[in-house]
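Dear colleague,

Please find below the sequence and the structure that I am handing over to you. My notes on what was found follow directly after them.

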Amino acid sequence: LQGIFVLGLPYALLHSGYSGLFLIILAAALCCYTGKILIACLYEENEDGQLIRVRDTYEDIANACCKKLSPKLGGIVVNVTQVMELVMTCILYLVASGNLLSHSFPYVPVTEKTWTVIAFVTLLPCVFIKTLKIVSKLSQLCSLVHFIVILVVMTYCLTQIHQWSWAKFRLSIEFEDFLVSVGVIIFSYTSQIFLPTLEGNMKNPGEFRCMLNWTHFFACVLKTTFALTAFLTWGEETKEVITDNLPSFLQTLVNLCLLTKALLSYPLPFFAATEIVYACISRGNHSNYRSPLFALGVRGSFLVLTLLMAMFIPHFALLMGLTGSVTGAAMTFLLPSLFHLKLKWKKLSFLEKCADISVFILGFLCSLAGIVCSIKGLLEVFE
């Protein structure tokens with residue numbers, strides 16, 4: 001919930017003004033809600049009225065919803081969407097690593113692609129990750145590094161408090177710029193892909209809803225505080241990645257921290273993507289598909305694929321925006337609300353049905369707007 005997207009929030013406020021502060025709060029509430037209804041779809045009541053976990057994954061939920069149409073259609077759609085988003089996320093971390101290394105050591109005569117390969121070499125041990133426990137340890141370190149970056153930026157901002165002015169906020173906003181802000185803010189909260197696995201691995205799954213409430217609350221407070229202090233410091237000069245606004249003596253330190261964060265962030269989407277693919281392939285009875293060596297081959301192939309795509313995809317940022325608008329909105333808003341309506345329709349109150357339908361419509365509009373903006377950007381680049 002506190003990923004690299006957070007560094008773009010001050011820039012989002014530049015283009016959304018006061019409405020951006022409201023959006024940060026609204027996005028937290030909506031993403032928390034869709035997380036809860038997604039997990040609710042994993043459970044059904046037994047004859048005694050007790051909730052029993054009858055499904056384990058996002059794929060199982062999709063298959064249950066589409067079983068009358070086709071037993072496996074829903075699962076295929078969800079798996080393809082999940083893998084697309086996870087792979088693109090891995091590629092983004094690799095590209096970011098190469099870029100950060102290039103900017104941290106400008107005096108070294110090495111191209112950005114070569115730096116990307118160097119970053120890739122440090123990620124080779126990922127092929128040996130077999131459990132979520134190892135990933136969680138790396139994610140803990142990632143969170144620690146992230147808070148160091150946030151602390152450095154906010155400390156510098158507080159030293160400039162004498163320059164703060166609420167007059168820097170825009171009252172009038174341009175619609176297209178506003179849509180960019182909406183995308184940055186909403187997708188900084190997305191975590192639905194990981195939730196079924198996370199809830200299934202909790203020692204006490206009954207505390208999941210409470211955990212989701214508190215994490216989204218604290219994420220909202222931190223995002224709002226960070227975005228507000230940074231924007232009040234630089235105003236109209238706020239850059240897309242706020243660390244670029246820092247003085248040079250701090251930039252190198254922060255860039256190295258961000259590099260560490262990017263490398264530590266890679267294992268989570270990588271592990272999730274390879275687990276999905278391996279599970280799909282090994283469902284057959286052929287014992288070769290369930291061997292440890294085959295699993296190692298799947299993870300190794302994925303690792304190389306992310307490197308090749310990171311090095312050779314042109315206009316990556318625009319393609320990432322297009323993919324995020326399609327897969328991010330689908331996995332975060334469209335599918336959870338649609339599945340919840342399908343599986344729980346008879347047990348939902350009128351207000352719950354209205355809430356799910358509203359979230360679906362909002363997600364559809366966000367996705368459509370993001371697709372239009374991304375395609376427009378791609379056309380402008382190719383022209």
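A helix, as the word is used here, is a DSSP run of H or I with at least four residues, and helices are numbered from the N terminus. By that numbering F147 belongs to helix α6, which covers residues 132-159. Please bear in mind throughout that this is a predicted model.

Surface patch

F147 is partly exposed, because its relative accessibility is 41%. Together with W214, F217, F218, V221 and L222, F147 makes up a nonpolar patch on the surface. The accessible area of these residues together is about 590 Å². Helix α9 gives the largest share of the patch, with 5 residues.

Second largest pocket

Helix α9, residues 208-234, also contributes at least two residues to the lining of the second largest pocket. The other elements that do so are α2 (18-40), β1 (43-45) and α13 (316-344). Among these contributors, α2 provides the largest share, namely 5 residues. The pocket holds about 470 Å³ of space. Its lining consists of 19 residues, and those nearest the centre are K36, A40, L51, R209 and H340. Sorted by class, the lining comprises 9 nonpolar, 8 charged and 2 polar residues.

Cavity

How many cavities of 30 Å³ or more does a search of the whole structure find? The search finds 1. About 30 Å³ of space lies in this largest cavity, and its lining is formed by T274, E275, Y278, A295, V298 and R299. Two elements, α11 (267-281) and α12 (292-312), each give two or more residues to that lining. By class, 3 of the lining residues are nonpolar, 2 are charged and 1 is polar.

Salt bridges

The model contains 5 salt bridges, counted where a side-chain nitrogen of Lys or Arg lies within 4 Å of a carboxyl oxygen of Asp or Glu. In one of them K347 pairs with E45, and their closest N and O atoms are 4.0 Å apart. K347 sits in the loop between α13 and α14 (350-382) and E45 in strand β1, so this pair ties together parts that lie 302 residues apart in sequence. K347 counts as exposed because its relative accessibility is 55%, whereas E45, at 46%, counts as partly exposed.

R53 takes part in salt bridges with two partners, D56 and E199. Towards D56, the closest N and O atoms are 3.0 Å apart. R53 is partly exposed at 26% relative accessibility, and D56 is likewise partly exposed, with a relative accessible area of 47%.

The second bridge of R53, to E199, has an N to O distance of 2.8 Å. Since R53 is in strand β2 (residues 51-53) and E199 in helix α8 (residues 195-201), the pair ties together parts 146 residues apart in sequence. Is E199 buried or exposed? E199 is buried, because its relative accessibility is 2%.

A loop residue

N245 is located in the loop between α9 and α10 (248-265). Its relative accessible area is 13%, so N245 counts as buried. N245 and V304 are 59 residues apart along the chain, and 34 Å separates their C-alpha atoms.

With kind regards

Technical notes. Residues are numbered from 1 along each chain as its sequence is written. This is a predicted model: local features need pLDDT of at least 70, side-chain atom pairs count only at pLDDT 80 or more; totals for chains, interfaces and linings use all residues. Side-chain values use heavy atoms; hydrogens and water are left out. On a 1 Å grid over the protein atoms alone, a cavity is a set of points where a 1.4 Å probe fits but cannot get out, and a pocket is an open set with protein on both sides within 12 Å along at least five of seven lines; lining residues have an atom within 4 Å of a point. Grid points are joined across faces, edges and corners, and a volume is the space filled by probe spheres set on the points. Ala, Val, Leu, Ile, Met, Phe, Trp, Tyr, Cys and Pro count as nonpolar, Asp, Glu, Lys and Arg as charged, and the others, Gly among them, as polar. Patches are made of residues with over 30% relative accessible area and no salt bridge: like charges are joined within 9 Å, nonpolar side chains (Val, Leu, Ile, Met, Phe, Trp, Tyr) within 5 Å. Accessible areas come from the Shrake-Rupley method with a 1.4 Å probe; for residues, only the protein chains shown count as cover. Buried means under 20% relative accessible area, exposed over 50%, partly exposed in between (1.4 Å probe, protein chains only).
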